[in-house]
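Here are a few notes to read alongside the model. Have a look at it first, then work through the points below.

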Amino acid sequence: MFVKNCWYVAAWDHEVLADTLLARTIIGESVLFYRKSDGTAVAIDNRCAHRHAPLSLGRKEGDAVRCQYHGLKYASDGRCIEIPGQDTVPAKLCVRSYPVVERQRWLWVWMGDPARADEALIPQTFSLADPEWRYKPGYLHYDTDYLLICDNLLDFSHLSFVHEKTLGGSPNIAQARPEVTRIPRGLRVTRDVRNTVPAPYHARLASFPGKVDRRFAYDFVVPGVLMMKTHAKPVGTADDDMTGALQFHSCQALTPESENSTHYFFMQAHNFRLHDATITEAIYQSLCTAFEEDRRMIQAQQNLIASSSPAPMHPIAADLALVQFRRVVQELLDAESGVPVRAPQPRAPRGASASKLPAGTVPAA
Ligand code: FES
Ligand SMILES: [Fe+2]
C-alpha cells in the first residue's frame, strides 16, 4: 500500500520539545517521537509490548520512557529495561525503533528496513533553515488519500480555477504547458506563464505596474515532497534578471497517516523584506486560505469517489506529471514486494528530455 523504504516527514522540530511525547501515525503505524537529554530525536513504536497501551501516555525518565499502565520501561533503542516486580527482563521484550533524522527543522522517519536508511535520500529542503529566507511553518490534516493531494501538486492548472482569487488570478496558468522530466524517485516540473496578470496575493505584496511573467519550478519526489522556486516579475525582463521580482521558495511534504488520511507539512519562504514580519504573516495567511480551497475540493472529490460506483477517470494532457508520479510510486512498491522491475520509460512530453539531475536541485528560476 505504501512505500516503506522511504524518509517520511514526521514533525516540525517545534512539535517535539524536551518533555514532549508525540504520538503520530505514519503509514498506519503509531510512532512515538521524543528527545533524549542531549536533544537527539527518538522514534519508537508507540504501542507498549505488554498490553498495547500507548507509550505517549507514559512519562520520560532520562533518555527512557516508562509506560504508565503497568510501568514497563523502555530505552531509546526500544529495548525493555525494567519490569516492575520482576527481576529479569526477557531479551526479546522490546518495541520497534525507527531511524529518525532531524534536518532543517523537519524530523524525517524511515519506516522500512533500517539497514537501507540512507540519509542521502532525504530531499534537499534548504530554505527551511537558510537565513536568507523567511517563513512561518504550517501543518494541515487531510481526511483523504495522499495520492489525491500529490495529483493536485503535480498539476498547477488548478490554480486558474481552485485558486482564481488567491494564488491564481488568470486562466493563463492552465493554458501554459509545463515541462516534465523524470529525476531519481520523482519528477521535475517547470511551468512558465508569460505576460499574465499577477496573482491577487502577489499584487498585495508588490505594486506591479502591469502584467508579469511567472515561473513555477519544482521537484516532487516520493513519498510526496515538493521543493519549489517560484517568481513573478515585470513582464518581458530577461530570464535571469530578478530586478523587481517577487521570489519564493516552498517546501511541502505529504505523509500518509492511513489509507484515507494525510499529514501535510508546508511553508513558503520569501527572500525580500526579510525583517518585515507582516510580509511573512501575509504570505502564510494567503497560503492557508489557498490550501483550504484545495482541501475543500480534494475532500469533496474523495467523498464522491468513495460513495460512487467505480468508474474510469478520463486523462487529459494536464495529467502528464501525476500519471508519471504514480508510476514512480508503483515501481517502488513493486520493487519492495519482489515484482520484477521493468525498465521505467514513461512517455516523454514534447520538449522534455531524460534527466539525471539529483532530486531537490531546482533549476534557476
Ligand atoms: S501496557 Fe504498558 S506496562 Fe502494561
Ligand atoms: Fe492548490
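1. Helices (H or I, at least four residues) and strands (E, at least two) are DSSP runs, numbered from the N terminus. This is a predicted model, where local features need pLDDT of at least 70, side-chain atom pairs count only at pLDDT 80 or more, and totals for chains, interfaces and linings use all residues. Residues are numbered from 1 along each chain as its sequence is written, while chains are lettered from A and ligands numbered from 1 in the order in which they are written.

2. Start with helix 5, residues 320-336. Its 17 residues reach 25 Å from first C-alpha to last, close to the 24 Å expected at 1.5 Å a residue (the expected span being 1.5 Å times one less than the number of residues). After helix 5 comes glycine 338, with a positive phi near 85°.

3. Which residues of helix 5 are buried? They are Leu320, Ala321, Leu322, Gln324, Phe325, Val328 and Val329 (buried: 20 or more other C-beta atoms within 10 Å of the residue's own, with C-beta atoms placed from the backbone). These pack against helix 1 (146-153) and strands 12 (179-183), 13 (186-196) and 14 (212-221), contact being C-beta atoms, placed from the backbone, within 7 Å.

4. Next, the open sheet: four strands in the order 5-6-7-8, paired antiparallel (pairing takes at least two DSSP bridges between two strands). Strand 5 (59-61) and strand 8 (80-82) are at the edges with a single partner strand each, so one side of each has no neighbour in the sheet. Two bridges link strand 7 (73-74) to strand 8, and lysine 73 sits opposite glutamate 82.

5. Finally, strand 2 (22-26) and strand 3 (29-35) pair antiparallel over five bridges, with arginine 24 opposite valine 31. They make a hairpin with two residues between them, and isoleucine 27 in the turn has a positive phi of about 40°.

How values were computed: A residue is buried if 20 or more other C-beta atoms lie within 10 Å of its own, exposed if 12 or fewer, and partly exposed in between; C-beta atoms are placed from the backbone. Two residues are in contact if their C-beta atoms, placed from the backbone, lie within 7 Å.
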